Amino acid sequence: MRKNLFWLSDEQWGRIEPHLPTDVRGVERADDRRVISGIVHVLKSGCRWCDCPPEYGPATTIYNRFVRWARRGVWENLFRELAGQGRAMEMQMIDSTHVKAHRSAAGGKRGSKSRLLAARGGRNTKIHALADAGGRLIAILLTGGKAHDYPIAKRLIRRVKPPKHMLGDTAYDGDELRENLDERGTKPVIPNRSNRVRLFSFNKRLYKLRWRIESAFNRLKDFRRIATRYDKLARNYLASVCLAAALVWWI
């Protein structure tokens with residue numbers, strides 16, 4: 001067996017197996033561990049689905065399993081379970097990152113709503129996320145690349161329990177968001193914009209830890225199919241991001 005293939009370890013499989021669907025009807029599913037290892041190999045290597053190595057089984061089985069479970073929200077649910085979104089945390093960080101889309105992600109019969117691609121400045125998508133104090137992603141939202149960070153922040157923070165501190169850069173400096181965080185019992189650690197009249201104090205020592213969410217995005221983009229978006233549908237790309245983010249918790 002080739003050495004450059006990815007296989008889920010016993011520990012990884014032990015974490016993932018309890019969260020997989022059990023409502024199997026008709027023909028029994030192919031070996032889940034082998035198929036999911038094949039899916040992860042495609043995400044890590046960036047190869048086409050049809051080029052998935054034969055050690056994982058038929059490429060059509062690998063692709064169909066990924067797409068079918070993406071449609072059912074299995075990969076998103078897996079990420080939520082493993083990221084522990086229900087846990088209260090001392091500190092969280094919020095940020096976003098741009099992802100350039102490959103030309104194969106453009107086109108299709110469905111409108112741009114199903115693709116979440118921005119044409120301005122080239123085809124691109126934006127990943128908005130929250131990370132914990134250790135720099136591990138705990139909540140993810142996908143938008144077109146031209147979306148601003150600030151309007152998305154409120155939707156994102158509602159997905160998790162409020163922390164004691166929320167770190168963010170000046171893109172998140174707004175009265176409405178600060179008030180929303182205060183109502184949730186969270187202390188904003190956000191610098192003031194240069195044009196702000198009423199200045200707020202913030203903990204500069206804590207703010208220096210914001211590099212951790214940037215490192216989380218870097219680890220996520222070590223998966224080559226995340227660093228470059230090939231999927232036409234945003235649903236499939238989001239599924240890839242969620243599965244990769246869940247794996248980062250174990251690496």
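Let me start with a word we'll need: a residue is called buried when its relative accessible area is under 20%. Keep that in mind as we go, and please also remember that what you see here is a predicted model.

So, which residue shall we meet first? Arginine 210 has a relative accessible area of 11%, so it falls under that cut-off and is buried.

How accessible is glutamate 214? At 35% relative accessibility, glutamate 214 counts as partly exposed.

Now to another pair, lysine 126 and aspartate 149, whose side chains form a salt bridge at 2.9 Å, N to O. Here strand β2, with lysine 126, is linked to helix α5, with aspartate 149, across 23 residues of sequence. Lysine 126 is buried at 8%, and aspartate 149 counts as buried at 10%.

How many salt bridges are there in the whole structure? The search finds 16. Some join up: Asp173, Asp175, Arg178, Arg193 and Arg196 are linked in a network.

Let's turn to the aromatic rings, where the count comes to 6 pairs. One of them is tryptophan 7 with tyrosine 56, a tilted pair with 4.7 Å between centres and 45 degrees between planes. Tryptophan 7 lies in the segment before α1 and tyrosine 56 in the loop between α2 and α3, so this pair ties together parts that are 49 residues apart in sequence. Tyrosine 56 is buried, at 0%, whereas tryptophan 7 is partly exposed, at 30%.

Phenylalanine 202 and tyrosine 207 make another pair: their ring centres are 5.8 Å apart and their planes are at 75 degrees, so it is edge-to-face. Both partners are partly exposed, phenylalanine 202 at 23% and tyrosine 207 at 22%. Look out as well for an aromatic cluster formed by Trp49, Tyr63, Phe66, Trp69 and Trp75.

Last stop, the surface. Arg80, Arg155, Arg158 and Arg159 form a positive patch there. Arginine 80 belongs to helix α4, residues 74-83, and is partly exposed, with a relative accessible area of 33%.

Terms used
Residues numbered from 1 in each chain as written. Predicted model: local features only at pLDDT ≥ 70, side-chain atom pairs only at ≥ 80, totals over all residues. Heavy atoms only, no water. Patch = residues over 30% accessible without salt bridge, like charges linked within 9 Å, V, L, I, M, F, W, Y side chains within 5 Å. Areas by Shrake-Rupley, 256 points an atom, 1.4 Å probe, with all protein chains shown as cover. Salt bridge = Lys/Arg side-chain N within 4 Å of Asp/Glu carboxyl O. Lys, Arg positive; Asp, Glu negative; His and termini not counted. Charge placed at Lys NZ, Arg CZ, Asp CG, Glu CD. Helix = DSSP H or I, 4+ residues; strand = E, 2+ residues; numbered from the N terminus. Buried < 20%, exposed > 50% of the residue type's maximum accessible area, 1.4 Å probe, protein only. Phe/Tyr/Trp six-rings, centres within 6.5 Å; stacked < 30°, edge-to-face > 60°.
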